[in-house]
Amino acid sequence: MFKGNLNIDLDFFKMKSPLLIGVDISSSSIKMVELSMVDKGNQAYRIERYVIESLPVDTMLDGGIVNLEAVSECLQRGWKRMGTRRRNVALALPATDVITKKIFVAADQREDDLALQVENEASQYIPFSLDEVDLDFQVIHKTLDSSEEVEVLIAASRKEKVEDRVAAALSADLKTIVMDVESYAAQAAFELTLSQLPESGKNQVIALVDIGATVMKINVLHNGESVYTRDQPFGGNQLTQEIHNQFNLSLEESEVAKRSGNLPDNYKADVLQPFCETLAIEVMRAIQFFYTSTQYTEVNYIFIAGGCAVIPGLTEIIASRTQVSTLIVNPFSSMELSSRIIPKQLNLDAPALLIACGLALRSFDPS
Ligand SMILES: Nc1ncnc2c1ncn2[C@@H]1O[C@H](COP(=O)(O)OP(=O)(O)O)[C@@H](O)[C@H]1O
Ligand SMILES: [Mg+2]
């Protein structure tokens, strides 16, 4: 595999990187994860440190940065609290900001000829002028009848989307080495956990559902390939809002109370239960959309990630609604923990750290 180089500082695909911090700039917080490799042969990792640093409201919108200064300050606070020395980071763009396309091109071309052809082809699929985009490509695999053609994956994003994130990092003295795609990073981290399934989930249809503060993102995987994705505007903020409406608490207080569970007796029945039911219906709808828009007729497992995953009883409600085994994602389940990590806290935070973990893994890309 080789790496195409057009006018890029972008790197959606694998290449050798120095040791990095994985940094997920999300709607409600910035998550940072630092991993080390303990056994190269067995791909065994240790989580060294992580932080989840809250962002002020309205800092982000639809995955994009609205308030660059707030992001920069949050990055600085998070980096300090983490107590790391690494300053190289891997960032990611939301999948909705990245256009990907598979094309076939003649094999046996020189690398710059290939780059030129990719640029030509890309201009047909990208609704912007090429000087407004960052482009990256990778040869995936040779077609079966070989020699004639190769399949190439092109990824492109508007320059300003990339530049905003890089600039925010830079103003916090962090150097962006890798720019990935959030859904790719999530999938990479999720795959570490597949060994818990019989035959490591081979031939199983697995719905990875990330339920964050504002959006629920579904990515259906089959033998390591993403076969369907969908975003639905539903997330934990709805529950916070409902707590705010019902119990005369500010939004900030509601957020704290939600996590501690320190709320009046009727909270569970009147607020939490209805929220979980609505959430389960959203998951079910997403799965029905998956069936109607693909040839698939079955989902074997649902894995829940994102901050909402740890809401008590949620997986049971989703399982009973959908009739599909539902589990919480913990990308660190087979990792060593550094002595700085508090296991109980990590268990609560792990599902929300999926993307940051996948980004941290980019430190260990094969060259
Ligand atoms: N322990 C918890 N109990 C209930 N909800 C939680 C808990 N921890 C986080 N959340 C909720 O998860 C959401 C944040 O999830 P996260 O995946 O970090 O979102 P985003 O990626 O959109 O920033 C918030 O709505 C937050 O209130
Ligand atoms: Mg998120």
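Predicted model: local features only at pLDDT ≥ 70, side-chain atom pairs only at ≥ 80, totals over all residues.
As for the division itself, domain 1 covers 1–193 + 330–367, while domain 2 covers 195–329. The centres of domain 1 and domain 2, taken over C-alpha atoms, are separated by 24 Å.

## The surroundings of ligand 1

Which residues are the closest to ligand 1? They are S26, S28, G212, G236 and G307, and they belong to a group of 21 residues that surround the ligand. Both domains take part in this shell, since at least three of its residues are drawn from domain 1 (1–193 + 330–367) and at least three from domain 2 (195–329).

Two helices also contribute to the shell around ligand 1, for α5 (236–247) and α6 (251–260) each supply at least two of its residues. By class, the shell around ligand 1 consists of six nonpolar, twelve polar and three charged residues.

## Helices α5 and α6

Two packed helices are described by the angle between their axes and the distance between the axes. For α5 and α6, the axes come within 8 Å and cross at roughly 110°. Angles of 65 to 115 degrees count as roughly perpendicular, and α5 is therefore roughly perpendicular to α6. The crossing in which α5 passes α6 is right-handed.

The contact brings L239, T240, I243 and H244 of α5 together with L251, S254, E255, A257 and K258 of α6. The residues of this contact of α5 with α6 divide into four nonpolar, three polar and two charged.

## Helices α1 and α3

Another pair of helices is formed by α1 (residues 68–82) and α3 (residues 159–170), whose axes come within 8 Å and cross at roughly 45°. How are α1 and α3 oriented to each other? With that angle, α1 and α3 are oblique to each other, and the crossing of α1 and α3 is right-handed.

On the α1 side, the residues that meet α3 are L68, V71, S72 and L75, and on the α3 side their partners are D164, A167, A168 and A169. By class, the contact of α1 with α3 has six nonpolar residues, one polar residue and one charged residue.

Key. Residues numbered from 1 in each chain as written. Chains lettered and ligands numbered in written order. Domains from an automatic or database assignment. Near = placed C-beta within 6 Å. Helix = DSSP H or I, 4+ residues; strand = E, 2+ residues; numbered from the N terminus. Nonpolar A, V, L, I, M, F, W, Y, C, P; charged D, E, K, R; others polar. Axes fitted to C-alpha atoms, helices over the stretch in contact; angles between N-to-C directions. Parallel < 35°, antiparallel > 145°, perpendicular 65-115°, else oblique. Left-handed = near helix turned anticlockwise from the far one by under 90°. Contact = placed C-beta atoms within 7 Å.
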